[in-house]
Amino acid sequence: MALPQGPNQRWSLDFLSDAFADDRRFRILAIVDDFTRECLTLAADTSLPGLRVARELDAVIVTAPGPVALHRAR
């Protein structure tokens, strides 16, 4: 995989998870620009289904022009 040569050429998505003191679990979606290492969004909830992930990506694209491949997938 080629390294990005500028901002917004490639983004990475990752899910993190943890639990509250009462053992209820929650997840965090992190979207990061691979070139600048800027965190574009963090979305936390007890559930992050695919439609929610798509909605979060759409919101990020409004503020930061996303990678070309991401725009083609929409």
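In which helix is the place of E56? E56 belongs to helix α1, which spans residues 50-63, where helices are DSSP runs of H or I with at least four residues, strands are DSSP runs of E with at least two, and both are numbered from the N terminus. The structure is a predicted model, in which local features need pLDDT of at least 70 and side-chain atom pairs count only at pLDDT 80 or more, whereas totals for chains, interfaces and linings use all residues. Residues are numbered from 1 along each chain as its sequence is written, and side-chain values use heavy atoms, with hydrogens and water left out.

The protein as a whole has two helices and three strands, and read along the sequence these follow the pattern β-β-β-α-α. Of its 74 residues, 31% are buried, a word that here stands for under 20% relative accessible area, with exposed meaning over 50% and partly exposed the range in between, for a 1.4 Å probe and protein chains only. The protein exposes about 5,200 Å², of which carbon and sulfur atoms supply 56%; such areas come from the Shrake-Rupley method with a 1.4 Å probe, and for residues only the protein chains shown count as cover. Among the contacts with a separation of 6 or more, 30% come from residues 24 or more positions apart, contact meaning heavy atoms within 4.5 Å.

When its neighbours within four places in sequence are left aside, E56 is in contact with L29, T41 and A43.

The strands come next. β1 and strand β2, residues 25-33, pair in the antiparallel sense over nine bridges, and two strands are said to pair if DSSP finds at least two bridges between them. Within this arrangement W11 stands opposite D33 in β2, and in the hairpin of the two strands, which has five residues between them, D23 takes a positive phi near 75°.

Most residues other than glycine have a negative phi. N8, in the segment before β1 (11-19), has a positive phi near 65°; N8 also counts as buried, because its relative accessibility is 19%, and its side chain makes a polar contact with the side chain of W11 at 3.2 Å. R37, in the loop between β2 and β3 (39-45), likewise has a positive phi near 65°, but R37 is exposed, with a relative accessible area of 62%.

The aromatic side chains complete the picture. The structure holds one aromatic pair, and the rings of F20 and F26 have their centres 4.8 Å apart and their planes at 35°, so the pair is tilted. Rings of Phe, Tyr and Trp (its six-membered ring) pair if their centres lie within 6.5 Å, with planes under 30 degrees apart counting as stacked, over 60 as edge-to-face and the rest as tilted. F20 is partly exposed, with a relative accessible area of 37%, whereas F26 is buried at 17%. Elsewhere, the charged end of R27 sits over the ring of F15, 4.5 Å from its centre, which requires NZ of Lys or CZ of Arg to be within 6 Å of the ring centre and within 35 degrees of the ring normal.

Technical notes: Polar contact = N/O pair within 3.5 Å; in protein donor to acceptor, adjacent residues only side chain to side chain.
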